[in-house]
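Visitor: Take me closely through the aromatic pairs in this model, please. Then carry on to whatever else deserves a look.

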Amino acid sequence: MMAKPESRSLDPRNTARLTISCPDQRGIVAAVSQFLNLHGANIIHSDQHSTDPQGGEFFMRMEFYLDGLDLARGPFEAAFAEQVARPFGMTWRVWYTAQPKRMGIMVSKYDHCFLDLLVRQRRGELDVQIPLVISNHDTLRGDAQMFGAAFAVVPVGKASKAEDEREQVRLFAEAGVDFVVLARYMQILSGEMLRGLGVPVINIHHSFLPAFIGANPYRAAFERGVKLVGATAHYVTEELDAGPIIEQDVARVTHRETPDTLMRLGRDVERQVLARAVKAHVEDRVLVSGNKTVVF
């Protein structure tokens, strides 16, 4: 009787995620799969999307075990760049899941999205570290400290906005954040600040964009007599509330609502939409194409 092959227990934390975007052409999936197989990687998940097989853009997300990989991370990435990425003109990235992403948070006085993120992180629903929270008010310091998150207050004045933003950029750089979430941070980030941060910034807007951009959308929705209120999570760009959309949702409302009840209903949607968007970003499921996203 032949002995059964010895089974290996693969470490779920010893995995990596590869994301790719490039011009579509034949052979991309085969080239990536063959490279990973050649170097001992065991593919767990694979998703791909093409905007148009005839000259469109191609997107891929692959997740694979590192157990059995015959190269260290540096040589592995160098070999992939030379043998696969360069010939296909790929924009690509590998993220190793044993290293949680470092999420910076910006918040003002509203606590619903902020607390929801802290709770989900503590429960393990969001695989992130939170090295720093920055606010323009001191209101939520106690809540941050309760969850063990460092909290810095940087008031933003009209005359000192550029200087204040430089201080915020400096603090986030020292904290080593991989991305920033605006959890109802009631300030508009300048282009200079976005470039200074140099990392993705996710915002939650309390409206189903592109409707009711800007301030006080619940009042605008009430005056328009809408039957749905919604929320939109998007990447921040210099154009107000116009960045690539990651996640959206709505709640049905009636003529009986007031601006206050619309706001209460909307806040529930905001929490859920922002959490889903952050989770998708953390898991490298979002690939940006111009002003749109592909979300696997």
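Guide: The count comes to four aromatic pairs, where a pair means Phe, Tyr or Trp rings (for Trp, the six-membered one) with centres within 6.5 Å. Phe64 and Phe76 form one of them, 6.0 Å centre to centre. Their planes stand 50 degrees apart, which makes the pair tilted (under 30 degrees is stacked, over 60 is edge-to-face, the rest is tilted). This is a predicted model: local features need pLDDT of at least 70, side-chain atom pairs need 80 or more, and totals for chains, interfaces and linings use all residues. Numbering runs from 1 along each chain as its sequence is written, and side-chain values use heavy atoms, without hydrogens or water.

The Phe64–Phe76 pair links distant parts of the chain. Phe64 sits in strand 3 (residues 57-65). Phe76 is twelve residues away, in helix 2 (residues 73-88). Helices (H or I, at least four residues) and strands (E, at least two) are DSSP runs numbered from the N terminus. Phe64 counts as buried because its relative accessible area is 0% (under 20% is buried, over 50% exposed, partly exposed in between; 1.4 Å probe, protein chains only). Phe76 is buried as well, at 3%. Ring pairs link Phe64 and Phe76 with Phe35, Phe80 and Trp92 into a cluster.

Rings also meet charges. Arg73 lies over the face of Tyr96, 4.1 Å from the ring centre; the rule wants Lys NZ or Arg CZ within 6 Å of the centre and within 35 degrees of the ring normal. Arg184 lies over the face of Tyr110, at 4.6 Å.

Stay with Arg184. It occupies the loop between strand 9 (179-182) and helix 6 (191-197). Its phi is positive, about 65 degrees, although Arg184 is not a glycine. It counts as buried, since its relative accessibility is 5%.

Asp284 has a positive phi too, about 60 degrees, and it is not a glycine either. Its place is the loop between helix 8 and strand 13. At 10% relative accessible area, Asp284 is buried.

Now step back into helix 8, residues 259-282. Val282 belongs to it. Val282 counts as buried at 6%, and His281 counts as buried at 11%. Contacts (heavy atoms within 4.5 Å) leave out residues up to four places away in sequence. On that basis Val282 touches Arg17, Lys101, Asp127, Val128 and Phe179. His281 touches Lys101 and Phe179, along with Pro200, Ile202, Tyr235 and Val286. Val282 and Phe114 lie 168 residues apart in sequence, but 17 Å apart in space, C-alpha to C-alpha.

Last, the largest pocket. It holds about 560 Å³ of space. Its lining has 19 residues, and those closest to the centre are Arg93, Pro200, Val286, Leu287 and Val288. Strand 1 (15-23), strand 4 (91-96) and strand 13 (286-289) each give two or more residues to the lining. A pocket here is an open set of points on a 1 Å grid over the protein atoms alone, where a 1.4 Å probe fits, with protein on both sides within 12 Å along at least five of seven lines; lining residues have an atom within 4 Å of a point. Points join across faces, edges and corners, and the volume is the space filled by probe spheres set on them. Two residues at the pocket centre, Pro200 and Val286, are also contacts of His281.
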